[in-house]
Amino acid sequence: MAIAVSLIRRGAAQFPDRTAVYFEDQTMTFKEVDQAANRISAAFAEMGVAKGERVALLVGNGLWSIPIDFATMKSGIVRVPLNARLSLEEHARMIDEADCSVLVHDAALAERARELATRRPGLRLAGLGVTDDADERDLLDRLDEPAPEPDVQISPEDPCLQLYTSGTTGVLKAVVHTHGSFGAITTNILSNLVDPGPDSVMLHAASLIHASGTFVLPYWIRGGASAVLSGFEPQGYLDAVRRYRATELNLVPTMIGMLVNSPAAAEADLSSVRQVIYGASPMPPAVLRRAREAWGPILTQYYGQSEAPLCIAVLSAADHDDESLWGACGQPAVDADLRIADDDGNPVAPGEVGEIQLDAPFRMAGYFRADELNAEMTTPDGWLRTRDMGRIDERGYLYLVDRRSDMIITGGYNVYPREVEDVLCEHPAVGECAVVGAPDEKWVEAVTAFVALRDGHEASEGELIDFVRARLAPHKAPKRVLFAEQIPKSAVGKILRRALREPLWKEQNNG
């Protein structure tokens with residue numbers, strides 16, 4: 001098994017003078033990234049940070065995102081990325097629960113870092129090229145001084161990443177990946193999703209602490225480059241595609257919808273793009289259709305989760321030619337074993353709905369200090385329970401029906417929100433939507449839709465309800481449609497149904 005740190009060293013040795021990272025008007029070669037990682041690793045050692053310690057990273061996408069990640073892996077340090085969009089309380093809790101000894105921050109997040117330091121006595125701060133505190137270490141100080149490869153023995157079982165995710169429960173919990181599982185993630189992506197070469201450039205606009213970051217090593221080991229953006233907005237993104245001659249794009253469906261609906265799309269130069277990869281949330285068929293019309297047959301979908309990144313299943317570009325497969329996640333990854341099980345853990349018949357369970361080398365080692373949850377998420381024979389409900393058809397394609405926790409039970413019938421959302425998104429006035437269950441005296445739960453209309457379009461509540469009723473069983477049609485300017489999403493573009501559902505139930509409980 002190739003471990004992550006060995007892949008870093010291999011890529012640096014094979015492609016030293018090629019460009020590895022683009023950020024704004026700056027570039028770094030493979031050799032420069034590797035040497036910067038060694039220098040940062042040496043700085044950690046000078047601070048007394050030892051193998052196995054947990055270091056929190058409050059760092060946005062930037063020039064140093066990849067060197068800092070590589071430095072932690074070379075040092076045997078467990079990196080704990082903090083999503084910059086979370087609250088001070090959430091950050092503080094994550095640092096406390098992970099027992100982090102050091103917090104690394106960039107200039108934009110220095111104020112938040114110092115607030116956190118006052119909340120946790122003994123937490124040391126380390127800046128990336130910025131510090132005005134004598135007690136704070138600048139990890140980029142003496143960056144021009146050569147540093148040797150860290151003399152740290154790394155085994156496949158050693159943890160390297162502790163990633164917080166809310167998953168289906170709404171409670172932050174930490175997924176632990178090891179050097180072995182992170183190496184297996186690289187193999188998984190290369191085996192199932194992309195085939196980069198030295199001329200390849202992956203454009204990253206989504207946060208590198210999540211799915212986007214898993215593409216870095218696959219491109220690194222093949223000599224490809226990572227073009228890193230600090231954020232996403234359609235015009236700037238399309239300009240970056242042309243500027244960096246990006247060959248592969250990794251996007252979430254929300255981003256794709258924004259791009260194809262942007263006025264800038266008509267003038268965009270996408271001639272360098274060979275593949276558009278999407279995942280993280282369901283793709284509305286209407287958005288997929290517009291994207292294929294605009295970009296051609298180059299879209300590929302993956303299905304995965306933080307507990308098992310990146311590809312549990314893949315719907316290839318060729319599969320997309322068959323519109324009957326647009327609702328599928330795709331064929332199971334070649335390095336994953338999947339099964340569909342009922343509530344008692346027994347395999348269901350082909351075509352029936354059950355929980356998706358898997359066994360794969362890229363799955364997590366477990367949740368950090370959560371024995372009870374780990375026992376709950378693992379079957380008696382050691383498979384990972386995804387909490388996703390799905391089915392496999394006669395051709396072997398996996399279909400994600402919905403998250404178990406999002407299922408609505410109305411009048412004794414099961415309704416999966418995604419099915420209703422897909423129909424709503426076919427309406428020409430609907431830009432995006434989310435469907436949840438609201439409390440109801442008669443039905444227990446009432447199907448309730450939140451809808452954001454497209455600019456310049458109008459639709460009434462009754463019109464949208466009738467639109468769904470004409471296409472789905474009556475009990476699946478929304479009882480109410482609530483209009484919103486936008487649908488709340490996570491940092492990686494997943495619709496936060498929980499944020500819409502919880503206030504509805506709180507109203508009932510308070511009433």
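Colleague: Does helix 9 pass helix 10 in a left-handed or a right-handed crossing?

Modeller: The crossing of helix 9 with helix 10 is left-handed; the term applies if the near helix is turned anticlockwise from the far one by less than a right angle, and right-handed applies if clockwise. The model is predicted: local features need pLDDT of at least 70 and side-chain atom pairs count only at pLDDT 80 or more, while totals for chains, interfaces and linings use all residues. Residues are numbered from 1 along each chain as its sequence is written, and side-chain values use heavy atoms, with hydrogens and water left out.

Colleague: At what angle do helix 9 and helix 10 pack?

Modeller: Two packed helices are described by the angle between their axes and the distance between the axes. Here helix 9 (residues 253–260) and helix 10 (residues 285–295) pack at about 55 degrees, their axes being 10 Å apart. Axes are lines fitted to C-alpha atoms, for helices over the stretch in contact, and angles run from 0 to 180 degrees between N-to-C directions. Helices (H or I, at least four residues) and strands (E, at least two) are DSSP runs, numbered from the N terminus. Helix 9 and helix 10 are therefore oblique to each other, the class left once angles under 35 degrees count as roughly parallel, over 145 as roughly antiparallel and 65 to 115 as roughly perpendicular.

Colleague: Which residues of helix 9 and helix 10 meet?

Modeller: Pro 253, Ile 256, Gly 257, Leu 259 and Val 260 of helix 9 meet Val 287, Arg 290, Ala 291 and Trp 295 of helix 10 (contact means heavy atoms within 4.5 Å). By class, this contact of helix 9 with helix 10 has 7 nonpolar, 1 polar and 1 charged residues. Ala, Val, Leu, Ile, Met, Phe, Trp, Tyr, Cys and Pro count as nonpolar, Asp, Glu, Lys and Arg as charged, and the others, Gly among them, as polar.

Colleague: In what order do the 9 strands of the open sheet stand?

Modeller: The order is 2-1-11-10-12-13-14-15-16, with mixed pairing; two strands pair if DSSP finds at least two bridges between them. Strand 2 (26–29) and strand 16 (331–332) are the edges, each pairing on one side only. Strand 14 (residues 299–305) and strand 15 (residues 308–315) run antiparallel and are joined by 4 bridges, with Gln 305 opposite Ala 308. Helix 9 lies across strand 12 (248–251), strand 13 (275–278) and strand 14, at about 115 degrees to strand 12.

Colleague: How many aromatic pairs does a search of the whole structure find?

Modeller: The search finds 5 aromatic pairs. In Tyr 22 and Tyr 244 the ring centres are 5.4 Å apart and the planes are at 40 degrees, so the pair is tilted. Tyr 22 lies in strand 1 and Tyr 244 in helix 8 (residues 234–244), 222 residues apart. Rings of Phe, Tyr and Trp (its six-membered ring) pair if their centres lie within 6.5 Å; planes under 30 degrees apart count as stacked, over 60 as edge-to-face and the rest as tilted.

Colleague: At what angle do helix 12 and helix 13 pack?

Modeller: Helix 12 and helix 13 pack at about 115 degrees, with axes 9 Å apart. That makes helix 12 roughly perpendicular to helix 13. The crossing of helix 12 with helix 13 is right-handed. Val 420, Val 423 and Leu 424 of helix 12 touch Leu 464, Phe 467 and Val 468 of helix 13; by class, this contact has 6 nonpolar, no polar and no charged residues.
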